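Thank you all for making time this morning. Before I say anything, please take a moment with the sequence and the structure on the screen.

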Amino acid sequence: MFYRESGDFKTSYRADQQTFPLKLDRWVVWLFIAFAFLVVPFLINDYWEKSVLLPVLVWSMAALGLNILTGYCGQVSLGTGGFMAVGAYASYKLTTAMPELNLFIVIILSGGITAMVGVLFGLPSLRIKGFYLAVATLASQFFLVWLFNKVPWFYNYSASGQITAPERTILGVIVSGPNAPPWATYLFCLTLVVILAIVARNLTRGRIGRSWMAIRDMDIAAEIIGVPPLAAKLSAFAVSSFYVGVAGAMFFMIYLGAAEPTEAFGIDKSFLVLFMIIIGGLGSIVGSFIGATFLILLPVLLKNILVGGFGWPTDLVAHLILMIIGGLIMFFLIVEPHGLTQLWRITKEKLRLWPFPH
Amino acid sequence: MDAQRTFGEPILEVKNISLAFGGVKALTDISFDILKGEVRAIIGPNGAGKSSMLNVINGFYHPQQGEIWFDGQKRQNLKPFQIAKQGIARTFQNIALFKGMSTLDNLMTGRYIHMHSNIFSQALWWGKAEREELQHRQRVEEIIDFLEIQSIRKTPVGRLPYGLQKRVELGRALAAESKLLLLDEPMAGMNLEEKEDMCRFILDANDQFDTTIALIEHDMGVVMDLSDRVVVLDYGRKLADGSPDEVRNNQAVVDAYLGVSHA
Amino acid sequence: MPVELLNVIEVMLNGLMAGIMYSLVALGFVLIYKASGIFNYAQGVMALFAALTLVGFQTGQVPFAHLINVIFGTHIEYWSDGLNTFVAIILTIIVMVILAYLVERFLLRHLVNTEPIILFMATIGLAYFMEGLGDLMWGANIKALNVGIPSGGSFWWEDVTKTWAPAEADYYGMYIDVLDVWAAVIAILLVVSLTLFSQYTKTGRALRAVADDHQAALTLGISLRTIWVIVWSIAGFVALVAGIMWGSKSGVQFSLSLIALKALPVLILGGFTSIPGAIIGGLIIGVGEKLFEYWIGPLIGGATENWFAYVLALVFLMFRPQGLFGEKIIERV
């Protein structure tokens, strides 16, 4: 009744191709972004920053990246943790070598470096498919983490083998290091995420995005109608790794502040991001956000209720969370392979017809 | 169809093609040509090597012997996507649409070879990328009108019924605006009405878009009506080549189809 | 023999032993893959789960004791002094069969005809679920597992090999763990009996028929569901054997489930459908990573075992995507 598309006519192809074709959707999205930029910074505190907002933003970025590769181009990767490590170490090396360089540029450059590494590890995808490729990406995961552990140049020969984020400012405001105020780190990450989400949307709706999806849906037919598999797959690896690298740089520079590769970028992180896009929705930009938010908030919520409310021991809750996440993955793959996004879409369809479903 | 259609020089010439998989010979010493503007049929019993022939033409299989001349030039050993770029489009025997994408996106993907905006312009959706997108959308909409599939424009093709999927696949091939269009059993599994529609689309495409068409089909009525010339394959060898009437009256062809006792 | 050569032989022997352990896990993968086309990532967690259950029965733990205590405020932990090892093993096998049934009932049945990669991801979900379940049932602390297999270095072998070195050399003989030798013997027995089973029993033939062609097997009246339960039960049994071996060696703990990750490159090398392939792949990787660590490791910082297997598999894939024993794939349109 209230949520509908009738009367919302499109008179040009340009209007028909916009991201949110429904007027109401557009309004909701604009309001949400305005709220995130204009209201949240005034309400934020340390707890919300560290346990909710920053993790959601960082992992949304990583999920966006993996969704481009897996959801759009159909190449499953289990190397996300390793590529995040590349982004993190790239940002560390860049910002310690050039302290004057703007942090924003540092992070984008880290993404660029990760993209190059991603292309390198994406090369096998030209010959191998499916879970063979998934296993091949494990090579990057374990090799990269080992590399950052063993080669002292990467951690500037620090005694602990750790890397620590130095304090950096943007426009005079501290955004990294222990003294950064919550609103500044939050706004910095939010800006990056919003910009790159729009870019992801643009890439996936145009020529390149269609070439990715064509490879995903039927690679042989795609090649025969003129999509070069090399360019399509490698561009997906590059763009995906760029996002994952940026996520890794944000994770280390802004969120963690200090990192040690095996702990921060292990294989469990690769699975976490994969789970996010399965639950959120494969091949959906919004789904990346929903999946990341869901999987970050679920443990926080359960911990708050069971540990905080009922006084259960934390390890017990941790086991429960493992079971719930595993169960949810199976549930979604069986019932709704397009994830929460699809459930949301179905709800919208129903809303559109409400209250006269026939 | 008018009896006297005249055609230009060959768009494609196949010369002495032989193809084998391991010890199995799929094609042996096949030669024929396709003239600009004609509808050329390739027929033959099951396993005669028709689909293999198409796969050779668009570069998916590489023959051990023989040459292919396209548009007056001898073709080098190219990858399928490079051949598509030269101007050969095709449809598939078992529908090979991109199931997760809408009809519109499938057709737009068909235009991939004509689009050139770079990744940065696309990332910003600004300037060339957007212009190009709108311009090609226009072309695709013309094809959508031509095939009368306006109503399923935004439907994911996986949800469409078989007949419509076949039509969308034809649309995707037409969207490439190729010089040569290969159709692999465009009417397989269709009912009479759908077949008639498809015939009309093929003839109109040949007429309106000036597309040269090579098709494989099992329905002899359709083949005889549609095509200007027919080449007949059997066990990977060429059996006959000529107008529908000539082929129909060729004893070797009749034997191949009906079987003959080698007593 | 010069000491250097003896050292290399020792490294290779240890590699072979490690390789057999990898093969043991890989075997479970191959069984399930052959019968259902599923790449079961949860195989490693199944080994962990089986080992946890076995220890639980052996020591007489109450399942979910931790959870029950938290909810009801009780303090139960053990219900008896524990069971005889043999009885515990039988009970664990029963648990694994029940698990196989549940997996078929609640997961596989609903995922028939989906893409392999979706099935793969579903088994990752299963792995997480079972890991949480195992920890919740039996607790996450490291447990010792002892089923009576002897372990420790073999003095006999040390004495024998000592005499191989030149008398003036400072050589103490080769170290080999008796447990590893037992593992090798058991692995060989397992492979032989599995091969006999699939060649000479009715169920085994049905199993191979299903592996060859699901549809055709169905038309012959073979119940796909029963076959799946059987296969997953056998895989559960193999997981139990692997769990006992690994658990006896290094204790029953979370890291046990990571052996699944080690088995992946083994499968790439050996091919997903070949039992001999799984064995040989495991041996190549076991020996390869130990030798690499011995020769190259010291030059580049060591701990190369973490990635060597994967990189080897990766390089291998580039040249022979179908594995050592797989058939060449001809693509069609």
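This is a predicted model: local features need pLDDT of at least 70, side-chain atom pairs count only at pLDDT 80 or more; totals for chains, interfaces and linings use all residues.

Residues are numbered from 1 along each chain as its sequence is written, and chains are lettered from A and ligands numbered from 1 in the order in which they are written.

The mean pLDDT of chain A is 88, and 96% of its residues reach 70 or more. Helices (H or I, at least four residues) and strands (E, at least two) are DSSP runs, numbered from the N terminus.

Next, the contacts between chains, where two residues are in contact if their C-beta atoms, placed from the backbone, lie within 7 Å. Between chain A and chain C, the contact takes 35 residues from chain A and 43 residues from chain C. On the chain A side, helix H6 (130-150), helix H12 (267-280) and helix H14 (314-335) each supply at least two residues, and H14(A) gives the most, with 13 residues. That side of chain A has 28 nonpolar, 4 polar and 3 charged residues, where Ala, Val, Leu, Ile, Met, Phe, Trp, Tyr, Cys and Pro count as nonpolar, Asp, Glu, Lys and Arg as charged, and the others, Gly among them, as polar.

Between chain A and chain B, the contact takes 25 residues from chain A and 33 residues from chain B. The largest share of the chain A side, 8 residues, comes from H8(A), and the residues of that side divide into 12 nonpolar, 7 polar and 6 charged.

Turning to chain B itself, an automatic or database domain assignment supplies the bounds, giving domain 1 (1-87 + 178-263) and domain 2 (96-175). Their centres, taken over C-alpha atoms, are separated by 27 Å, and the contact takes 11 residues from domain 1 and 8 residues from domain 2.

How are the strands of chain B arranged in the open sheet? There are 4 strands, in the order E2-E1-E4-E5, with antiparallel pairing, and two strands pair if DSSP finds at least two bridges between them. Strand E2 (24-35) and strand E5 (73-74) of chain B each have a single partner strand, so one side of each is left without a neighbour in the sheet. Within this sheet, 5 bridges join E1 (residues 10-21) to E4 (residues 65-70) of chain B, and Leu12(B) stands opposite Phe70(B).

Elsewhere in chain B, strand E3 (residues 39-43) and strand E9 (residues 229-234) run parallel, joined by 4 bridges, with Arg40(B) opposite Arg229(B). E9(B) also pairs with strand E10 (residues 237-242) of chain B, in the antiparallel sense over 5 bridges. In the hairpin of E9(B) and E10(B), which has 2 residues between the strands, Tyr235(B) takes a positive phi near 50°.

Finally, helix H7 (residues 178-200) of chain C has 23 residues and reaches 33 Å from its first C-alpha to its last, close to the 33 Å expected, a span defined as 1.5 Å times one less than its number of residues. The buried residues of H7(C) are Asp180(C), Ala183(C), Ala187(C) and Ser198(C), buried meaning that 20 or more other C-beta atoms, placed from the backbone, lie within 10 Å of the residue's own, with exposed at 12 or fewer and partly exposed in between.

Key:
pLDDT is the predictor's confidence in each residue, from 0 to 100.
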